[in-house]
Amino acid sequence: MGQALSLGRRGLGRVWPNPNVGCVIVQGGRVIGRGWTADGGRPHAETQALHGIDAQGATAYVTLEPCAHYGQTPPCADALAKAGVARVVIAAPDPDPRVDGGGVAKLRAAGITVETGVRRAEAERDMAGFLSCITRNRPFVTLKLAASFDGRIATATGESQWITGQQARRHVHAMRMTHDAVLVGAGTVRADDPTLTVRNLGAVRQPVRVVASRKLKLDAPAMMAGVEAAPVWLCHADGAPVHSFVDQGAVSVPCKTQGQQIDPVDMMTKLADAGLTRVYCEGGGKLAASLLNCDLVDEVVGYTAGLVIGAEGTPGLGAMGLERLNAAPRFTLVDSRQIGADLMHRWARHA
């Protein structure tokens, strides 16, 4: 199962809207088949692992309950039964109403021994994006904050490149690769005109670049220049001038508004409906604060540099309107390490 989990992680950021599943098939103590969900979500991991082998009497280790429904491909539970496997070991159940125990039932009806729950917590952590979309109707959201020691992301004049070092920035690119989309607000686009692509890591599938902008008052030549290789989705209010961007290849995602900004909850629902399962938010401060205020952040990844900018600098987060500490969002530290000259620290949603 450890091998299956490792294989499944290869699909992070590459298989949406499907889950990143891994599968290993063992016969006589020897691995005879391995597979993971292919880019774009198909073929599924089980189909990949079964390809070209004789699996009669074998044991299949799969990180998610095999699908039981006909979609664009036949059910994987049927494929395993047809291949003659004798035993299937499953890490996590699939809460998708089209499956939700149906895969296990199909396997057992075919006379296959089924074991469930093996390394379930690890599998659910790896597939948190897919599971979040099914159970909460929103993607898994990672908030990235790169700041000075005193929590500033730019000087008073707006200079921000670069607070963290090259190695930390390379790590950010690696994080982008494991997410389906990178999200920023309009202020970040206006200030930096970022490309938001994965560079110098051999990426073959770029994340979707999502911009949250109520009125679409944007000038984004760098981003729009690469729209064919890396999609651009614009989350905007009704009536925003989206046509010029759509003409250049951007995708329009109309959202409800909340005061003077896009409604973060509706935006995440729309992104989930469009198939995105993992979203990496890179700014700006107002957008990050709104996501935190709406309890939409599942993980915070911070990169802290060893310099100080002072109170006149731009804070990493916008105003949140908090008056009491017990109302502040809390996260649990799960990882911290030095990357180059900077400190990376990762915090998970407080249980």
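1. Val 242 is buried, with a relative accessible area of 8%; buried here means under 20% relative accessible area, exposed over 50%, and partly exposed in between (1.4 Å probe, protein chains only). Val 242 sits in the loop between β10 (232-236) and α10 (243-247). Helices (H or I, at least four residues) and strands (E, at least two) are DSSP runs, numbered from the N terminus. Leaving aside neighbours within four places in sequence, Val 242 is in contact (heavy atoms within 4.5 Å) with Leu 216, Leu 234, His 236 and Ser 252. Ser 252 is ten residues from Val 242 along the chain, and the two C-alpha atoms are separated by 6.8 Å.

2. Basis of these remarks. This is a predicted model, in which local features need pLDDT of at least 70 and side-chain atom pairs count only at pLDDT 80 or more, while totals for chains, interfaces and linings use all residues. Residues are numbered from 1 along each chain as its sequence is written, and side-chain values use heavy atoms, with hydrogens and water left out.

3. Overall form. The protein has twelve helices and 18 strands. For 351 residues, a compact globule would have a radius of gyration near 20 Å, and the 22 Å of the protein agrees with this; the radius is taken over C-alpha atoms, and the globule rule is 2.2 Å times the number of residues to the power 0.38. Along the principal axes, the C-alpha atoms fill a box of roughly 70 × 45 × 40 Å. Of the contacts between residues at least 6 apart in sequence, 70% join residues at least 24 apart.

4. Buried residues make up 49% of the 351 residues. The protein exposes about 16400 Å², of which carbon and sulfur atoms supply 51%; accessible areas come from the Shrake-Rupley method with a 1.4 Å probe, and for residues only the protein chains shown count as cover. There are 37 positive and 32 negative side chains, and the centres of the two sets lie 2 Å apart. Lys and Arg count as positive and Asp and Glu as negative, whereas His and the chain ends are not counted. The place of a charge is taken as NZ of Lys, CZ of Arg, CG of Asp or CD of Glu.

5. Helix α3. The buried residues of α3 (residues 76-83) are Cys 76, Ala 77 and Leu 80. Seen down the axis of α3, these residues fall within an arc of 110°, so they line one face of the helix; the arc is that of the directions from the helix axis to the C-beta atoms. An α-helix has 3.6 residues a turn, so residues three or four places apart point the same way. The cover over the buried residues of α3 includes α2 (45-50), β3 (59-64), β4 (87-92) and α4 (102-109). After α3 comes Gly 84, with a positive phi near 85°.

6. Most residues other than glycine have a negative phi, and most peptide bonds are trans. The peptide bond from Trp 16 to Pro 17 is cis, with omega near 10°, and Pro 17 belongs to the loop between α1 (2-9) and β1 (22-27). Gln 161 and Trp 162 are also joined by a cis peptide bond, with omega about 5°; Trp 162 lies in the loop between β7 (152-154) and α7 (166-177).

7. Positive phi outside glycine. Asp 100, which is not a glycine, has a positive phi of about 35°. Asp 100 is found in the loop between β4 and α4 and counts as exposed at 54% relative accessibility. Arg 119 has a positive phi near 60° and is found in the loop between β5 (113-116) and α5 (120-126). Arg 119 is partly exposed, with a relative accessible area of 40%.

8. Met 223. This residue lies in helix α9 (residues 221-225) and, at 1% relative accessibility, counts as buried. Leaving aside neighbours within four places in sequence, Met 223 is in contact with Val 189, Asp 193, Pro 194, Leu 196, Arg 209, Val 211 and Val 232.

9. Arg 138. The loop between α6 (128-136) and β6 (140-147) holds Arg 138, which is buried with a relative accessible area of 7%. Not counting residues up to four places away in sequence, Arg 138 touches Ser 132, Cys 133, Met 268, Ala 272, Asp 295, Leu 296, Asp 298 and Arg 349.
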